Amino acid sequence: MSLRIIPNNQQESSVTTTKFGEAAEHAPGLQDILRTQEGPLNISSKLNNRHPLESRITTWEKTQEETKLEMYRRVFGAGEPIKRTMELNIVEATDFKPSVLGGSDSMHKDILLGKDTSVDWEDVYPGGFESGNNVKDFHTEMEKKMGI
Amino acid sequence: MAGLNFENYQRNSYLSTKGFATPRATSTGTTIVGCKFPGGVVIAADTRATSGPIVADKNCEKLHRLAPKIWCAGAGTAADTEMVTQLIASNLELHALSQNREPRVITALTMLKQHLFKYQGHLGAYLICAGVDPTGAHLLSVQAHGSTDIGKYQSLGSGSLAAMAVLETNFREDLTKEEAIKLCADAIEAGIWNDLGSGSNVDVCVMEVGKDAELYRNYLTPNVRSQKARSYKFAPGTTAILRESVRDILDVEETVVSFDQMEVDTEA
């Protein structure tokens with residue numbers, strides 16, 4: 001296990017057709033372009049010619065978290081990261097509020113991650129329903145959650 | 001996508017190949033300086049913001065407040081310095097509230113450098129960060145890629161060479177507060193006269209240990225526009241009226257409607 005400060009600069013060597021979107025029930029080999037309302041997906045545009053910062057920023061927090069948990073593992077033993085990850089998973093599994101109503105409140109997650117006294121661009125530009133982005137409608141979300 | 005958005009990058013690169021380049025961001029060109037004196041620190045900045053060869057703002061504010069006693073002068077892309085400074089100011093306040101201590105300049109600096117490093121220099125913010133905190137007076141600077149410097153006198157921006165020349169000549173360890181203010185103002189003036197990216201007025205901020213910070217907005221205004229030699233107002237009647245025609249677009253009909261008695265439903 002490595003201690004990374006900077007995310008790994010990984011370019012995928014292979015992708016499947018359903019990597020960049022939810023698979024549609026009526027056509028399991030493709031994404032659901034009717035629900036996303038963005039039209040047929042151009043996979044090469046999702047892979048090539050992206051801004052150099054984009055992958056760095058999207059994976060930054062995850063990398064920092066992993067490094068932190070790895071350090072805890074080395075100092076306090078395997079139990080620490082397992083317990084912390086378990087607590088985060090419990091919160092993610094039990095918190096639910098539809099995206100159309102704003103998504104679930106991030107308070108519990110913030111406290112567990114130690115981010116309750118900081119703001120970042122994700123708080124300034126939340127990018128959810130209020131920003132005009134197309135989010136999953138309530139029925140789709142419930143179906144996914146229930147596993148229907 | 002939440003946070004800063006990269007969605008338009010491919011569209012913009014395509015458009016620039018077709019000849020529609022992205023507009024030039026407003027840069028602050030700038031001369032900013034900072035100078036320590038025994039018992040405090042002074043920072044100063046010019047007030048010109050440029051957009052390519054055009055002056056976008058003749059009197060912009062380049063001295064930003066991170067905390068009541070920690071101020072920051074910003075050079076580089078105007079939006080980046082403004083937004084990054086405000087974000088870190090919010091974070092600093094939250095941190096100070098949760099720790100129940102006065103915020104420290106090194107905290108602000110560390111938050112800034114970690115943030116700017118994460119964005120690899122794409123956030124063009126070059127800042128001179130100074131202030132007083134329970135550990136004393138500090139003068140620090142951050143570059144856009146995340147490197148930091150400590151010093152007794154610093155200058156950044158396109159006019160930094162002109163300003164640094166003045167600082168190197170006149171800086172002493174035992175400056176008084178007034179001498180330090182004069183030194184910084186002189187250094188900014190050197191940038192104003194000798195650098196095209198800097199101009200207009202000088203803003204100064206003094207932070208002394210044990211006192212409130214003092215911001216002197218437009219401390220010096222060496223570029224006041226002179227009064228025009230003549231009055232260019234036209235007397236009424238200068239332009240002769242050749243023809244006048246009035247056309248009624250609407251037919252206005254006035255009738256009087258009396259409201260002496262209101263019809264009220266009095267049934268219980």
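Which residues of chain B does UniProt list for "domain: Proteasome beta subunit C-terminal"? Residues 222–257 of chain B, according to an unreviewed UniProt entry; UniProt positions are given in the numbering used here, feature names are shortened, and annotations may be inferred rather than shown by experiment. We will select that span at the end of the tour.

**Before you click**

This is a predicted model, in which local features need pLDDT of at least 70 and side-chain atom pairs count only at pLDDT 80 or more, while totals for chains, interfaces and linings use all residues. Residues are numbered from 1 along each chain as its sequence is written, chains are lettered from A and ligands numbered from 1 in the order in which they are written, and side-chain values use heavy atoms, with hydrogens and water left out.

**Stop 1: chain A**

You will find 8 helices and 0 strands, where helices (H or I, at least four residues) and strands (E, at least two) are DSSP runs, numbered from the N terminus. The C-alpha trace of chain A spans about 50 × 35 × 30 Å along its principal axes. Of its 148 residues, 17% count as buried; buried means under 20% relative accessible area, exposed over 50%, and partly exposed in between (1.4 Å probe, protein chains only).

**Stop 2: aromatic pairs**

Over all chains, the structure holds 4 aromatic pairs. Rings of Phe, Tyr and Trp (its six-membered ring) pair if their centres lie within 6.5 Å; planes under 30 degrees apart count as stacked, over 60 as edge-to-face and the rest as tilted.

Pick Tyr72(A) and Phe76(A): their ring centres are 5.9 Å apart and their planes stand at 50°, so this pair is tilted. Both sit in helix 4 (residues 60–76) of chain A, 4 residues apart, about one turn of the helix. Is each of them buried or exposed? Tyr72(A) is partly exposed at 21% relative accessibility, whereas Phe76(A) is exposed at 57%.

Now move to Tyr153(B) and Phe171(B), with ring centres 4.7 Å apart and planes at 40°, so this pair is tilted. Tyr153(B) belongs to strand 10 (residues 153–156) of chain B and Phe171(B) to the loop between helix 4 (160–170) and helix 5 (177–194) of chain B, so the pair ties together parts 18 residues apart in sequence. Tyr153(B) is partly exposed at 23%, and Phe171(B) is buried at 15%.

**Stop 3**

**Stop 4: Asn5(B)**

Go to the segment before helix 1 of chain B to find Asn5(B). Asn5(B) is partly exposed, at 44% relative accessibility.

**Last stop: back to the listed span**

Finally, select residues 222–257 of chain B, the span from the UniProt entry. Its end C-alpha atoms lie 65 Å apart, and the span is 0% helix and 0% strand.
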